[in-house]
Amino acid sequence: MRKLLHRVRPPWRRPRRLVLVLSALVVVAGLAGAWLLLRGDEPAAASTTTATVSTQTLKQTVTASGTVAAATTADLSFDVSGTVTRVLVEPGDTVKKGQRLARVDDDVLQAELEAAQSSLDAAESARSEHVSDGASDVQLAADEAAVLAAESSLAEAQDAVDDAVLRSTIAGTVTDVGIEVGDSAGSSGSGQPSTGTTSTSTGSDTSSGTITVVSTGHFVVDATVSSSDVEKVEKGMQAEVTVSGIDETVYGTVAEVGLVAETDSSGAAAFPVTIEVTGERDDLYAGTSADVAVVVSQRADVLTVDSRALRTDGDTTYVEKVTDSTTGATERVTVETGETSGLVTEVTSGLAEGDVVQVPGFAGPGGSGGDEQMQEFQRQMQERMQDGGGFPGGGQGGFPGAPQ
């Protein structure tokens, strides 16, 4: 019975040696981590990669930031006075050019049109009678002038009746309706649309409500360029636009460069620049932020090298050209450089297309020898634990590289 109890005794009564071994392993793990940290004072080992000299298109750009806007915005209001009797659209509606948006009461306008027609009829009758009576040339000239004046008045009256109906001057989407049935419409303006975000209202009377229509599918980017770069930007230059929420590059053309400086958020002078987005887009939305790179110069087939491969020695610029890819042997080659674009630099002499150069870099602290030291440390630990001994190496904790 005692032998049976001895065999099934609880696990917490395991041999003390196993507990000591487990404790030692925990300590070893901690010491190994500390060793990795302490070895950081060893010099960093340099590691290198290579890059191939190649030809590419080299671009110089001017950067700007801005906001996407509808290409055309029309703020429309009535050109005649009257009471609004109908509003035919609401925000979100798609409209065609010339489509009716609202109308005002035209009773007075119709009466004025009839009166103008009567005045024209009377002027024409008087002229006919004088011609039949053989009136003087002076009289006939006066009659002709009266007829012309009556015709002009009739045309104006007809325009007023036509203007009682507010029509869209562009095709697009209604974004705002600022009038309601019963409102009093004002009289002024011409109703021409504007380009970009700067809208021109068709009425200067602030009591006149407006209906806003924006073009759909066509957009611009209203951006600002610093005063130091604006002289480089010209109408017609190509631009690459990065729009928030869109992975692909959006292309455009400089449509307008402002001549009057504005003040940016930092208080510096900046000039407005309008970029017209190329083609019709259904993935852009007005109000989205965008970054613009205007291509101010572009050269094809330019010999370039990775800028990180360039080194300097006084006034001399050189690279380490790989002469043997098998052994990694290199030779120092002096080069002359031109423009830098992004991560590459133009090479004007010293290298040829296809040459391979060294690009210096850095590995972690301690160099590659640290792995061998760690492996040796682990080997010694295994041997010592098998023999039931302490930590290898002595010193403070016995891990390699620790201070003695």
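Modeller: Let us begin with a sheet. Strands of a sheet pair through backbone hydrogen bonds, either parallel or antiparallel. Here β7, β6, β4 and β9 form, in that order, an open sheet of 4 strands with antiparallel pairing. β7 (165-167) and β9 (184-185) are the edge strands, each with a single partner, so one side of each lacks a neighbour in the sheet. Helices (H or I, at least four residues) and strands (E, at least two) are DSSP runs, numbered from the N terminus, and two strands pair if DSSP finds at least two bridges between them.

Biologist: How many bridges join β4 to β9?

Modeller: Strand β4 (residues 82-87) and β9 are antiparallel and are joined by 2 bridges. T83 stands opposite S184 in β9.

Biologist: Before we continue, on what basis are such features reported?

Modeller: This is a predicted model, in which local features need pLDDT of at least 70 and side-chain atom pairs count only at pLDDT 80 or more, while totals for chains, interfaces and linings use all residues. Residues are numbered from 1 along each chain as its sequence is written, and side-chain values use heavy atoms, with hydrogens and water left out.

Biologist: What does β19 pair with?

Modeller: Strand β19 (residues 316-324) runs antiparallel to strand β20 (residues 329-334), and 6 bridges join them. D324 stands opposite A329 in β20. The two strands form a hairpin with 4 residues between them, and G328 in the turn has a positive phi of about 80°.

Biologist: How far does α3 reach from its first C-alpha to its last?

Modeller: Helix α3 (residues 107-133) has 27 residues and reaches 39 Å, close to the 39 Å expected at 1.5 Å a residue. The expected span is 1.5 Å times one less than the number of residues. Just after α3, G134 takes a positive phi of about 70°.

Biologist: How many salt bridges does a search of the whole structure find?

Modeller: Side chains of opposite charge can pair when their charged atoms come close. The search finds 10 salt bridges, a salt bridge being a side-chain nitrogen of Lys or Arg within 4 Å of a carboxyl oxygen of Asp or Glu. One of them joins E240 and K59, at 2.7 Å from N to O. This pair links distant parts of the chain, 181 residues apart: E240 lies in strand β13 (residues 238-243) and K59 in strand β2 (residues 54-70). E240 is partly exposed, at 24% relative accessibility, and K59 is partly exposed at 28%.

Biologist: Which residues are linked in a network of salt bridges?

Modeller: The network links E248, R281 and D283. E248 and R281 meet at 2.9 Å, N to O. They are 33 residues apart, with E248 in the loop between β13 and β14 (250-257) and R281 in the loop between β16 (269-277) and β17 (289-306). D283 forms a salt bridge with R281, the closest N and O atoms being 2.8 Å apart.

Biologist: Is R281 buried or exposed?

Modeller: R281 is buried, at 16% relative accessible area. E248 is partly exposed at 45%, and D283 is partly exposed at 26%.

Key:
Buried < 20%, exposed > 50% of the residue type's maximum accessible area, 1.4 Å probe, protein only.
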